[in-house]
Amino acid sequence: MLKPSTTEYAGTLLLDEPMKKYNSWRAGGNAEKLYKPVGRDDLLQYVSDHQHEDITFIGLGSNILIRDGGVKGTVIVLTGLLDALEIKGEKVYAEAGLPCAKLARKLAKAGLVGGEFFAGIPGTVGGALAMNAGAWGSETWPLVESVELINVY
C-alpha cells in the first residue's frame, strides 16, 4: 500500500491513477503514482527525491501502449511543461514537452527548412528523440547537435 509523500511539491501527485486518461489509445492499467510538475524546478526536485524508484516520462501519449497491469513507480506527465522553443538564426532550442507539430509550424514561420516532417509526428520533441521519430524520409537525430538530460538513475 502506498502512502502519500511527506514532501510538499508544487505539482499534482496522484496515486493509482488510470493511464487511459494519458494516452491516445485510451487503454491500459493504472500508474502506481503519477506526477504532474508545474515547472522545471519542481520536476527536478521530484526526480531528485525519487531517484531510487522507477520513473517513466510521457508527453502527449500518442505512441505508447500501457499494459493492463499498469506502470510501476512514478509516471511523470510533461504535457504543457518543458515546451519552450527558441530560434536564433539556424539554431533551434526545443524542450522535450514541445509538441512536434508546433515545432514544425514555428520552423516554417522562421523560414527554416528540413524540419517539415515534424508536422507528421503526433508526439513531443522528447518522444521524437527517444524513438528517432521520422516521416517522409527524414529523421529526428540527424538534426540534433546537443541534448540536455535529467539523470534519473
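Analyst: Two strands pair if DSSP finds at least two bridges between them, where strands (E, at least two residues) and helices (H or I, at least four) are DSSP runs numbered from the N terminus. This is a predicted model, with pLDDT of at least 70 needed for local features and 80 or more for side-chain atom pairs, while totals for chains, interfaces and linings use all residues. Residues count from 1 along each chain as its sequence is written, and side-chain values use heavy atoms, leaving out hydrogens and water.

User: Which residue in E2 stands opposite leucine 15?

Analyst: E1 and E2 (residues 30–36) pair in the antiparallel sense over six bridges. Opposite leucine 15 you'll find, in E2, lysine 33.

User: Is glutamate 17 buried or exposed?

Analyst: Glutamate 17 sits in E1 (residues 12–18). Beyond its neighbours within four places in sequence, glutamate 17 is in contact with Tyr22, Gly29, Asn30, Ala31 and Leu34. Buried means under 20% relative accessible area, exposed over 50%, and partly exposed in between (1.4 Å probe, protein chains only). Because its relative accessible area is 9%, glutamate 17 counts as buried.

User: And what about aspartate 16: buried or exposed?

Analyst: Aspartate 16 is in strand E1 too. Its phi is positive, about 55 degrees, although it isn't a glycine. With a relative accessibility of 52%, aspartate 16 is exposed.

User: What is the relative accessibility of leucine 82?

Analyst: Leucine 82 is in the loop between E4 and E5. Its phi is positive as well, near 50 degrees, in a residue other than glycine. It counts as buried, with a relative accessibility of 14%.

User: Which glycine in the turn between E5 and E6 has a positive phi?

Analyst: E5 (residues 85–88) and E6 (residues 91–94) pair in the antiparallel sense over four bridges, with isoleucine 87 opposite valine 92 in E6. The two strands form a hairpin with two residues between them. The phi is about 65 degrees, and the residue is glycine 89.

How values were computed: Contact = heavy atoms within 4.5 Å.
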